[in-house]
Amino acid sequence: MKGILVKDLYIARSNILVTIVSLVVLGFGLSFLLETSALLVLAPVASTTAVFISITSDAASKWNKNVITMPLSRSRIIGEKFLFYILLALLGMLTALIPCIILACFGLDITPHSLCLYGSMGISSCLLAGGISLPCAYLFDPEKSQIVFMMSFMASTGIIAGLVLLTNLLFPVKENILLAFYIVLIISVIWFFISYRIAVRIYGKRDIT
Amino acid sequence: MTNAFMVSGLTKNYKDFALDHVSFTVPRGSIVGLIGENGAGKSTTINAALGLIQKEDGVVSILGREELDGDVKEQIGVVFDGSNYPEILSPKKLNQVMKNIYRTWDEQTYFNLLRRFSLPAHKQIKQFSRGMKMKLAISVAFSHHSRLLILDEATSGLDPVVRDDILDMLLDFVQDKEHSILVSSHITSDLEKIADDIVFIHEGKVVFEKPKEELTERYGIIKCGGAQFDALDQSEAIAYRKTGHEWQVLVSDREKMQKKYPNALVLPATIDEIMLLYVKGEQ
């Protein structure tokens, strides 16, 4: 699996670098307008676009056909894409924390509460979107996959809103907002894992030509 | 294990095409050429054998194993038509990728082959010509101590000089009796140079599997006029066709036919001509 992860890092390297620099610049820029920790909502989503660059590149170069002949199982090939997605989401998160920590050192009011809240929102949104778009990348052609990828972020926002409203039936979300988003985060993690299993099943039976 | 590769009763159905119980073998230490016109089923056979497409029936055995697991794949080098590597990579970066995929990856062999083929290690693959991409794919296939090479139209579209280089490498490869090659191509002249056996596939079915020597040394084509054609014993003809005023008749023993019909012009048959008569002629 390490080999294909190295390949994806080579493919997405420039995109990853641009995303990191943009997030840091945006983080400092945002501090004049709104809470810098809000960047944690955007960061994982922005950084995972590199996965779709690698998926598009794989399709264009017919790497998908080549890799099947290598000593890797189909579930490992899929697993690598999901792992790459999570690694990029975490990288985005860590990058967004850099301006937050620096600005906090300079006395800006960045609380652990807001970091946890926006962080769980960002990761939940990212996992829900990835859970929709990653299996679809192996179902549809690259053009359709990119449309699904863009739509999946809108869908994830709707799903989060729906989950929060449902949680509100159990307890008042306004007083327990962090708990509500932790529940959303747990559901997102479970959904991402189920999505991985679905993608393995789809890819396992798919003819690759 | 006497066969490096074996397919038996391989079947796959599509809407407009079917691979119909394809069976043949690649004996250990030999080169087998898989020939057939475009769309005959050569690539489908290879794809089904390698697990790229799901077979509906049949058995595939590679290096004595029916299950195509990582250990078997480690020992197979596959080259498709085109390089099929991310074009943003350079051969040097590809080395970093491959050494983390193949346990038996041999960096020294890889870089030696890059030098032998004059491939720049730091240049992106997208800047390579088609010939260079094919040489790179072959370098990769040779760099993890493969025991079986499978080449699917790997020499198509290459100039004769590059093709000749590659054919020489393939011949060197089978000097080791543990090594075997299955090569599909519609450039039959390449296979005439290197193949030990020829498998001819047509409309998804294996028409014949024969030693190349038998085809080139024994098969023949009788070229004759209408009257002479009428006088021939039709049961001895494998296939025949009329081109202009001339009849061409494919026979399996040209010396016997020359003795039987001393006035007939019986010529050796090339694999191209044999394929053409099977496909376009009547049987």
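Q: Where should I start with strand pairing, and in which sense do β11(B) and β12 of chain B pair?
A: Start with two strands and the bridges between them. This is a predicted model. In chain B, β11(B) and strand β12, residues 246–251, pair in the antiparallel sense. The pairing runs over 6 bridges.

Q: Which residue of β12(B) stands opposite B:Arg241?
A: Follow the pairing across from one strand to its partner. B:Arg241 stands opposite B:Gln248 in β12(B).

Q: How do I read the whole sheet, and in what order do the strands of this open sheet in chain B come?
A: Read across the sheet, strand by strand. Here 4 strands form an open sheet in chain B, in the order β11-β12-β10-β13. The pairing is antiparallel. Next, look for the edges. They are β11 (237–243) and β13 (265–268) of chain B, and each pairs on one side only. Then look at the twist. From one strand to the next, the twist averages 25°.

Q: Which strands does helix α11 of chain B lie across?
A: Find the helix, then look at what it crosses. Helix α11, residues 271–280 of chain B, lies across β10 (220–224), β11 and β12 of chain B. It runs at about 85° to β11(B).

Q: How do I place one residue in this picture, and where is B:Tyr278?
A: Take its element, its surroundings and its contacts in turn. B:Tyr278 is in helix α11 of chain B. It has 18 other C-beta atoms within 10 Å, so B:Tyr278 is partly exposed. A buried residue would need 20 or more.

Q: Which residues does B:Tyr278 touch beyond those up to four places away in sequence?
A: Setting those neighbours aside, B:Tyr278 touches B:Phe200, B:His202, B:Val207 and B:Ala239. For a sense of distance, take B:Gln96. B:Tyr278 and B:Gln96 are 182 residues apart along the chain. Their C-alpha atoms are separated by 47 Å.

Q: How do I read domains, and what is chain B divided into?
A: Find the bounds, then ask what joins the parts. Chain B is divided into domain 1 (3–214) and domain 2 (219–280). The centres of the two domains of chain B, taken over C-alpha atoms, are separated by 34 Å. Across the boundary, 9 residues of domain 1 of chain B are in contact with 6 residues of domain 2 of chain B. On the domain 1 side, α7 (188–194) and β8 (197–202) of chain B each give two or more residues. That side divides into 5 nonpolar, 2 polar and 2 charged residues.

Q: How do I judge a chain as a whole, and how many helices and strands are in chain B?
A: Count elements, then check dimensions and packing. Chain B has 11 helices and 13 strands. Its C-alpha trace spans about 70 × 40 × 35 Å along its principal axes. A compact globule with 283 residues would have a radius of gyration near 19 Å; chain B has 21 Å, which agrees. Buried residues make up 44% of the 283 residues. Now take contacts in chain B between residues at least 6 apart in sequence. Of these, 72% join residues at least 24 apart.

Q: How do I read the contact between chains, and how many residues of chain A are in contact with chain B?
A: Count the residues on each side, then ask where they come from. 21 residues of chain A are in contact with 26 residues of chain B. On the chain A side, α1 (2–30), α3 (49–61) and α4 (63–68) each supply at least two residues. The largest share, 6 residues, comes from α1(A). By type, the chain A side divides into 9 nonpolar, 6 polar and 6 charged residues.

Methods: Residues numbered from 1 in each chain as written. Chains lettered and ligands numbered in written order. Predicted model: local features only at pLDDT ≥ 70, side-chain atom pairs only at ≥ 80, totals over all residues. Contact = placed C-beta atoms within 7 Å. Nonpolar A, V, L, I, M, F, W, Y, C, P; charged D, E, K, R; others polar. Pairing = 2+ DSSP bridges. Axes fitted to C-alpha atoms, helices over the stretch in contact; angles between N-to-C directions. Rg over C-alpha atoms; globule rule 2.2 N^0.38 Å. Buried ≥ 20, exposed ≤ 12 C-beta atoms within 10 Å, placed from the backbone. Domains from an automatic or database assignment.
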